[in-house]
Every structure is written in structure tokens, then in C-alpha cells.
Amino acid sequence: MQKKGSFPLNKCFTVSVYLRCVCQVPSGHDHAHHAAVLLDRCKGLEMDAVAVTEEGKPYFFKGDHVFKGFHGKAELSNQSFAELDDHHHLGHVDAAFLMHFPDRPTEHDHIFFMLDTKVFSYYKHKLETGFPKDISEVFPGIPDHLDAAVVCPAPDCEEDSVIFFKGDEIYHYNVKTKKVDEKKFEGMPNCTSAFRFMEHYYCFHGHQFSKFDPKTGEVHGRYPKEARDYFMKCSKFGDTTDHIERERCSRVHLDAITSDDAGNIYAFRGHHFLEQDAGNDTWAAATIESEFKELHSEVDAVFSYENHLYMIKDDMVYVYKVGEPHTHLDGYPKPLKEVLGVEGPIDAAFVCQDHHIAHVIKGQTVYDVDLKASPRVPVKEGTFTLFDKVDAGMCGPEGVKVFKGNHYFHFQSMKIMLMARAIPAEHKTALELFGCDH
């Protein structure tokens, strides 16, 4: 059986639902990269490898391309890891992982790539001296032509380890002693890629995934699940998708979040939103199109003021009166510049309870806009330098929550947020806000 990601010489092949014809030529000839193609992960691609960078951003590899993060277009991998092409024409990556062991400074935060019989070690996107090397030299006892690999620190594993996958063969490699324990993970599908994310372990097979115990390979709960529901920002899903669970447990960042005057919470991501009624612990999910049809999808920021939802998309503002159903106000959308005096796009906006000041975050600049004034004029409140940008923000009785990636950060007030010089404790959005336990 042909190895995943590899293609016969002088043969044309297809990738998923997008057809492309690529010819690889024998060694000694010029290598032309695959033409820039419309690789669409929302069509159900099987990824070759997944690795989380030292910044915590997942990279999904397919052929000679990489998807950075949970949404966005594919890029050629050699734009970030050029030497992969210098030494080995990059048609695919077999396996990849971030070695994250602080007590091993010579390897800590190095990204390792396995390609056929070779291993490449990168630190801050630069190839380490002496690499590539044979896999058997760097990881003795580990076979070539791997399918997947994932780091497993203690106590997740008995010792700090790397788990390598090849077919149904599992190898636990002890990074300190270099001892290899071969195991059988009964009941778990063969992994085409794997990674550790938010202290959980995921085995990808096709465009589905299973969460597994790294010690035993046991899979608990209802698996497999659809990878596009949880690890990608896609607008359409299969009929079997549990939309509420998907939106609660998705690892894709929120686009916006707010609570209205009654205490109902709305959280927006892509084409969908979650709603939790005040005094109710359960969440409901729906498409933005179904409740806010004029908006269609994908907002930049949302805030609530005087029983109205101000929904900002690009440089336009849509306003809805809260109700069943929500009512779109006549005369909207209007330009953001006209409504708030700020040029779009913006990253977040929120109003704290019983106040009439909209706090607007654009990059690292925070503006205050008096919503009772006419005309409304933004006043620079300060700079927020803990992050280069934020994804969303909301304010309530407990203070301000700022959302970045899969986490949110709590500040007791706007003043404390702007004065902060250290990033506060991170909170897991899926677990601590939406109650997702996996």
C-alpha cells in the first residue's frame, strides 16, 4: 500500500475534491512546486501531519502546503521551512511535533519533521546545524516512513516521551533514556496525524478525529468526530453534526461575544452563534443567517446597548432590537465611521453594565465612544500592549474578559486592564465558559 502523501513519479494525481494534476520528475531534474491550488480544508482533506508551534499555533500540513491556525488559506511549506526543499523535495511531511521539555534546553521548543527516512530539527524556523539526519540516528529504534508523532510529557505518559505511529504499531520513545516501548492501541484507528492540544491528545484519521489516552490508546466518549466541526472554521457541515456541541467545544477562536441588558449571552464564530438565556445553564446554537439575516455571517465585534445589539462587520454597523425575533432597525447598516467615529475594521467592542461608553479595541489602541453624545467622537483611552491584537471582548458585573485564541483573560475593570503589565491567568473558553468537557 502506498504511503500517505507520497506520489509515483511521472504520474498525475488528485487531492480531495479539488482536482489538480502535478507531475513529479525523477531525481536530477528541476523540481517545480505544485501549482498554487485551492486546497480547501473544509472539503474534507486528510492532513499529513499536525504540529503546534512554540507560540501555541497549530500547523496542519497537506502535501507541500501548510494551513496555519484553524482558518485561512494554505501556504507553501517551504516559505516557512525552506530547507525541507533544499535537502528533500517536499511532496509531503510524514509526521511533525514540537519538542516541549524545558529541562532539555538543546531540544526545547524545537519542531521536528519526519520525511521518509530523514528528520529535520527547526528552532525559530531555522534548521539546526547538522540536520537533516537519519531518523534512526536521532531516535534510535524508531522506524522510517512514519504516519504520525506527538509529544507526551509526564505525567500524561510515565516519562517524558514522544509517541510515534506507523500503521497499527505504536512506539513510546523515552526522550531521556532513548528506550523504546512498542505498544498496541486496541480500538483506536490508525492515525494519519496526531497532536497534543490544550492537554488533550487527538488522533486524526481521514477528516475525522478521536481523543485518546496516550498511555493506553483508549478512546472514551462518542468518537470519531468530524475534524471540520472542531478544528477548522467552516460554514457547512454534514447532517450528522451536533451543532451545539460543535460550537461549545470548537477550538476555533470566537469572533465576538456580548451579553444584553437581560443577561443573555451571545457568542459568535464564523457562520454560527451560541446563545445562553439568563438564569439558564444550557446553550443553544443557530446560524447567524437564521437570526440576523441581513448580516449573513462572520462579525468583527458585537456589543449591547439599551436593549439593542450593535453588530459590526468590516466597516459597517448593523443594529437589532433584542426580542423574539430580533428586529433589524430601519436605516441600517450604516458606516462604522458614522455610528462610532472609528475607521474599520476593529477587533472588539463592549459596553460595561449601566454605562454609556463603548470601549473599542483596534489593534493595541483602545477608544472610548460616548454613546449619548451627538455626534459620537472616539477618544483614545489608552493602549493595550499585552497582545498584538485580540479576537473578542465583553464586560459584565465581574469585569472585562478579553478573548485570544482558545482562551480568555479576566480583568476586574477597564482601568486594571489598561494598566496591566503582565498577562493574567488564562482560562479555557470551551471548558470554563461553554462547559465543554473534552
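How do the residues of the lining of the second largest cavity divide into nonpolar, polar and charged? The legends below take up this point and others.

This is a predicted model, in which local features need pLDDT of at least 70, side-chain atom pairs count only at pLDDT 80 or more, and totals for chains, interfaces and linings use all residues. Residues are numbered from 1 along each chain as its sequence is written, and side-chain values use heavy atoms, with hydrogens and water left out.

**View 1. The second largest cavity and its lining.** The structure holds two cavities of 30 Å³ or more. A cavity is a set of points on a 1 Å grid over the protein atoms alone where a 1.4 Å probe fits but cannot get out; lining residues have an atom within 4 Å of a point. The volume of the second largest cavity is about 60 Å³, taken as the space filled by probe spheres set on the points, with grid points joined across faces, edges and corners. Its lining includes Met198, Arg251, His253, Arg269 and Asn406. The division is four nonpolar, five polar and two charged. Ala, Val, Leu, Ile, Met, Phe, Trp, Tyr, Cys and Pro count as nonpolar, Asp, Glu, Lys and Arg as charged, and the others, Gly among them, as polar.

**View 2. The largest pocket, between two domains.** A pocket is an open set of grid points with protein on both sides within 12 Å along at least five of seven lines. This one has a volume of about 1200 Å³. Of its 42 lining residues, Val52, Glu55, Gly56, Lys57 and Phe197 are the closest to its centre. Strand S1 (49-52) and strand S33 (407-411) are among the elements that give two or more residues. S14 gives the largest share of the lining, four residues. Strands (E, at least two residues) and helices (H or I, at least four) are DSSP runs, numbered from the N terminus. The lining of the largest pocket counts 19 nonpolar, nine polar and 14 charged residues. Domain 1 (49-241) and domain 2 (246-433) both contribute to the lining, so the largest pocket lies between them. Domain bounds come from an automatic or database domain assignment.

**View 3. The second largest pocket.** Its volume is about 590 Å³. Ser259, Gln353, Cys395, Gly396 and Pro397 are the closest to its centre, out of 27 lining residues. S31 gives the most, three residues. Helix H8 (429-433) is one of the elements that supply at least two. The lining has 11 nonpolar, nine polar and seven charged residues.

**View 4. Asn190 and its contacts.** UniProt places a "glycosylation site" here, in an unreviewed entry; such annotations may be inferred rather than shown by experiment. Asn190 lies in the loop between strand S13 (180-183) and strand S14 (193-197). Asn190 is partly exposed, at 44% relative accessible area. Buried means under 20%, exposed over 50%, and partly exposed in between (1.4 Å probe, protein chains only). Asn190 touches Gly167, Asp168, Cys203, Phe204 and His205, not counting residues up to four places away in sequence; contact means heavy atoms within 4.5 Å.

View 5. Most residues other than glycine have a negative phi, and most peptide bonds are trans. A cis bond joins Glu324 and Pro325, with omega about 0 degrees. Ser374 to Pro375 is also cis, omega near 0 degrees. Phi is positive at Asp116, near 60 degrees, in the loop between strand S6 (110-115) and strand S7 (118-123). His125 has a positive phi near 70 degrees.
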